[in-house]
Amino acid sequence: MLAIRAAKLFDGIGPGLVERPVVLAEGGRVVAVHPCGSVPAGAELLDLGDVTLLPGFVDTHVHLAFDASDDAVGRLRRADDEELLDRMREAGRAALAAGVTTVRDLGDRGYLALRVREETAEDPTAGPTVLASGPPITTARGHCWFLGGQAEGADAIRAAVRERAGRGVDVVKVMVTGGDLTPGSDPFHLQYSHAELLAAVREAHRHGLPVTAHAHSAAGIAAAVAAGFDMVEHCFFVTEVTDGSDGTGTGVDYDRRILDDMVRLGVVASLTLGALPGGPPPPPRIARRLPGMVAGMAAMREAGVGVVCGSDSGIFPVKAHGSHPYSVVAMAEMGFGPLEALRAATSAAARACGVACRKGCIAPGFDADIVAVAGDPLADITAVHAVTAVLREGRRAGQEKPL
């Protein structure tokens with residue numbers, strides 16, 4: 001038995017911190033949490049000192065196959081499978097060092113994330129638990145077509161979902177709109193009809209799989225909600241605005257009717273906020289959206305939409321692997337309280353990803369996935385950057401320096 005002692009603990013759910021906790025773990029699981037507890041005779045003590053224990057972060061949106069370079073797509077396309085696997089392993093180690101003990105990979109090539117999933121299941125110190133979608137389903141030459149998930153028409157989409165179910169994926173991802181990463185597609189326009197989206201959802205659910213939508217635009221989000229998707233990635237409600245010479249127009253339209261539908265149907269928003277500091281300033285079209293996005297986040301909170309925290313790591317240099325804590329901080333900067341941001345990165349994220357029975361909480365029966373940070377993140381959310389120790393299934397991971 002391992003006894004982990006610290007100054008404070010946030011269990012992932014409660015309204016505050018537990019003082020002077022002792023967490024007991026055995027066989028990779030938490031067996032007890034004792035406030036102001038003593039160490040049982042015969043237990044191995046890991047005294048982490050003046051730190052706060054948090055559940056290991058659950059990053060709801062990563063791309064292990066992208067290397068966060070200036071040419072992430074080109075480098076992926078030029079790499080063979082073994083080279084790509086090595087990069088994905090390295091990406092997983094970087095995430096783990098930053099306190100991320102579970103990742104949901106929402107776009108790989110050739111189902112390579114399933115290989116990484118097997119490896120980290122066998123050796124928990126090698127990287128996070130991986131939940132994988134395989135190649136996202138997209139249109140011919142649509143967003144991220146180069147990952148190999150092209151399918152058009154309801155029958156082809158159903159077949160694509162069946163293939164993923166047969167491979168053993170954890171979630172199905174559909175590119176409902178285009179995206180900035182892929183030349184020739186854009187985030188404003190739908191890639192699929194309602195009938196095609198409905199076919200994807202019904203086939204995924206028939207196989208017991210959740211289905212999530214890549215959708216930046218208000219039109220894409222509305223289409224995903226109408227078709228019955230379980231989650232929406234990004235979910236920023238951007239609109240295509242033709243600005244005048246004075247640069248007016250926010251390019252954001254948070255539709256309260258859609259937000260109410262998301263609440264009614266239980267559709268979760270996976271927010272991919274946050275980026276490393278020091279990068280180039282956003283282009284004007286993005287900068288003009290920021291006030292609208294802040295107002296939209298407030299509308300989401302007011303409506304009661306379920307939100308979780310993803311990094312979208314791998315796609316750009318400012319979205320490097322291991323940058324997830326910046327996404328947690330960004331949620332607080334966008335108007336969510338520190339407690340809401342921490343829940344969005346732990347218990348709420350685990351629930352949205354279908355692993356709430358074992359992830360996202362420090363409590364008996366849960367995996368002993370624990371991150372220690374210096375300071376009190378409820379008082380200062382930036383404490384999530386100060387990772388001092390990471391345990392996955394009760395085993396301490398080797399520490400690289402977090403970003």
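H216 counts as buried because its relative accessibility is 16%, where buried means under 20% relative accessible area, exposed means over 50% and partly exposed lies in between, with a 1.4 Å probe and protein chains only. The chain is a predicted model, in which local features need pLDDT of at least 70 and side-chain atom pairs count only at pLDDT 80 or more, whereas totals for chains, interfaces and linings use all residues. Residues are numbered from 1 along each chain as its sequence is written, and side-chain values use heavy atoms, with hydrogens and water left out.

H216 belongs to strand β12, residues 211-217; strands are DSSP runs of E with at least two residues, helices are runs of H or I with at least four residues, and both are numbered from the N terminus. Apart from neighbours within four places in sequence, H216 is in contact with T177, G178, P187, I221, H234, F236, F237 and V238, a contact being heavy atoms within 4.5 Å. One of these residues, V238, is 22 residues away from H216 along the chain, and the two C-alpha atoms are separated by 6.0 Å.

Strand β12 pairs with β11 in the parallel sense over four bridges; two strands pair if DSSP finds at least two bridges between them. Within this pairing, V172 has V211 of β12 as its bridge partner. Strand β11 covers residues 172-175, with V172 and V174 pointing one way and K173 and M175 the other way, and all of them are buried.

Elsewhere, six strands form an open sheet in the order β3-β2-β7-β16-β17-β18, with mixed pairing. Its edge strands, β3 (18-19) and β18 (395-396), each pair on one side only. Inside that order, β16 (residues 370-374) and β17 (residues 387-392) run antiparallel and are joined by four bridges. V371 stands opposite V390 in β17.

The whole chain comprises twelve helices and 18 strands. Its radius of gyration is 21 Å, close to the 22 Å that the globule rule gives for 403 residues, so the chain is as compact as a globular protein of that length. This radius is taken over C-alpha atoms, and the rule is 2.2 Å times the number of residues to the power 0.38. The C-alpha trace spans about 65 × 45 × 40 Å along its principal axes. Of the 403 residues, 56% count as buried. Among contacts with a separation of 6 or more, 70% involve residues 24 or more positions apart.
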